[in-house]
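This report looks at helix packing and at one residue's surroundings. Please keep the sequence and the structure in view while reading.

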Amino acid sequence: MKAIIVDDEQSALDYLEQQLKKISKMYVIGKITNPIHAHKTILKEDVDVIFLDIGLPEMNGIRLAEKVLKDKPNLLIVFVTAYDKYAVKAFELNAIDYLVKPIPPERLKKTVERIDNNLQSSTIEKNSPLYVNVLGQFSVESVKGKREFVAWRTKKAAELFLYLLHHRGKMVRKSFLIELLWPDLALERANSLLYTTIYYVRKTLRKYHRHLRLQNVSDGYVLETENIILDFEEWKEQIKTLPSLNETSVNNYIQVLFLYRGAYLQGYDFWWAESERYYWEQIWLTKALEIAAFYQKNQNMAEAKLWYSYICKIIPETESAHFALMKIYALENNPAHVHQQYEYLKSYLKTEVGVLPNNDIVGWYNSWKSGRKVFSH
């Protein structure tokens, strides 16, 4: 454990350092009397905990803690003071402890134990990956299987973060973000909105700061990621390595395709995500149609219908899946389902795309309907 002690009295610094050496393996890497110097040192050094006197000149300890925690939200703070009137404010800042001078050795020992337990828990948390889901609705999972849907302050904050995630690890210029998010606003107003939105994003990401960090770099921003598992990248790698489809590999195909929980950044109409979304959606569709056709070829009509229906649910404009279902229902002498499938397709295409089903489908349907009527007579 590495600590920095900040107090305006040198004797207080020396005393606390001696006590910490007696009861712990804590390494004091700095003893500072000037709060301005302390602020710079704390931001620069790799430190676990700060013992911070509240009654400092120029900048009191509460204010110093507020400034430090903006850049290092995970830093542990122990306030040390001759008075207890600041306790409520100290714990509002999530201080790990609050010590009143003179500090009894047994009380300090409890503080050190608390710090040690907190750091051990943080290490376990840090070593656990953060699952970031961009297939379907955006969410994260600190624990696999427990999805957390992030509440963004504004739609622009959501787009800014997701664009930086799309280009994670790369610097994106402020000028480009302004053009992306506020192309019609005056530069001064757009700059103000950018800084406000960056603040909102950072505030939202504070909970996930071990894995997602938004950094200023020259004239732009970089989203740095650490120990995250992105569902989209994981899915792409698995689908790229699928073997040829046969009786042995079909279950593997199914497992991989069910990992696709929706289109890339589904629900967001970002123009910059469209090409990526469409490309991989078509890859999924190709493989799903392969599975449905495989079952149909092998006379497993129950599974074939399930997969064609699943395709119609995921990508409802897929006319070939609707057409395949209509033909299967016709072979099964199930006219009600043929009509229902055709009408659903016709209604969807008219409402969403403004077109009718293609000529092959319309022609087949009309011929089938005519033949069924003649047959019924």
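Leaving aside its neighbours within four places in sequence, which residues is Ile239 in contact with?

## Ile239 and its contacts

The model is predicted. Ile239 is in contact with Val256, Leu257, Trp280, Ile283 and Lys287, leaving aside neighbours within four places in sequence. Ile239 sits in helix α9, residues 231-240.

Ile239 has a relative accessible area of 4%. The cut-off for buried is under 20%, so Ile239 counts as buried. Val256 lies 17 residues from Ile239 in sequence. In space, the C-alpha atoms of Ile239 and Val256 are 6.5 Å apart.

## Helices α2 and α3

Helix α2 covers residues 35-44 and helix α3 residues 61-71. They pack at an angle of about 20 degrees, and their axes are 10 Å apart. Angles under 35 degrees count as roughly parallel, so α2 and α3 are roughly parallel to each other. Their crossing is right-handed.

From α2, the contact involves Pro35, Ala38, His39, Ile42 and Leu43. These meet Leu64, Lys67, Val68 and Asp71 in α3. By class, the contact of α2 with α3 has six nonpolar residues, one polar and two charged.

## Helix α12

Helix α12 runs over residues 301-314. At 1.5 Å a residue, its 14 residues should span 20 Å. The end C-alpha atoms of α12 are 20 Å apart, which agrees.

Buried residues in α12 are Ala304, Trp307, Tyr308, Tyr310, Ile311 and Cys312. The buried residues of α12 pack against α10 (250-258), α11 (274-297), α13 (319-331) and α14 (335-353).

Key: Residues numbered from 1 in each chain as written. Predicted model: local features only at pLDDT ≥ 70, side-chain atom pairs only at ≥ 80, totals over all residues. Heavy atoms only, no water. Axes fitted to C-alpha atoms, helices over the stretch in contact; angles between N-to-C directions. Helix = DSSP H or I, 4+ residues; strand = E, 2+ residues; numbered from the N terminus. Parallel < 35°, antiparallel > 145°, perpendicular 65-115°, else oblique. Left-handed = near helix turned anticlockwise from the far one by under 90°. Contact = heavy atoms within 4.5 Å. Nonpolar A, V, L, I, M, F, W, Y, C, P; charged D, E, K, R; others polar. Expected span 1.5 Å × (residues − 1). Buried < 20%, exposed > 50% of the residue type's maximum accessible area, 1.4 Å probe, protein only.
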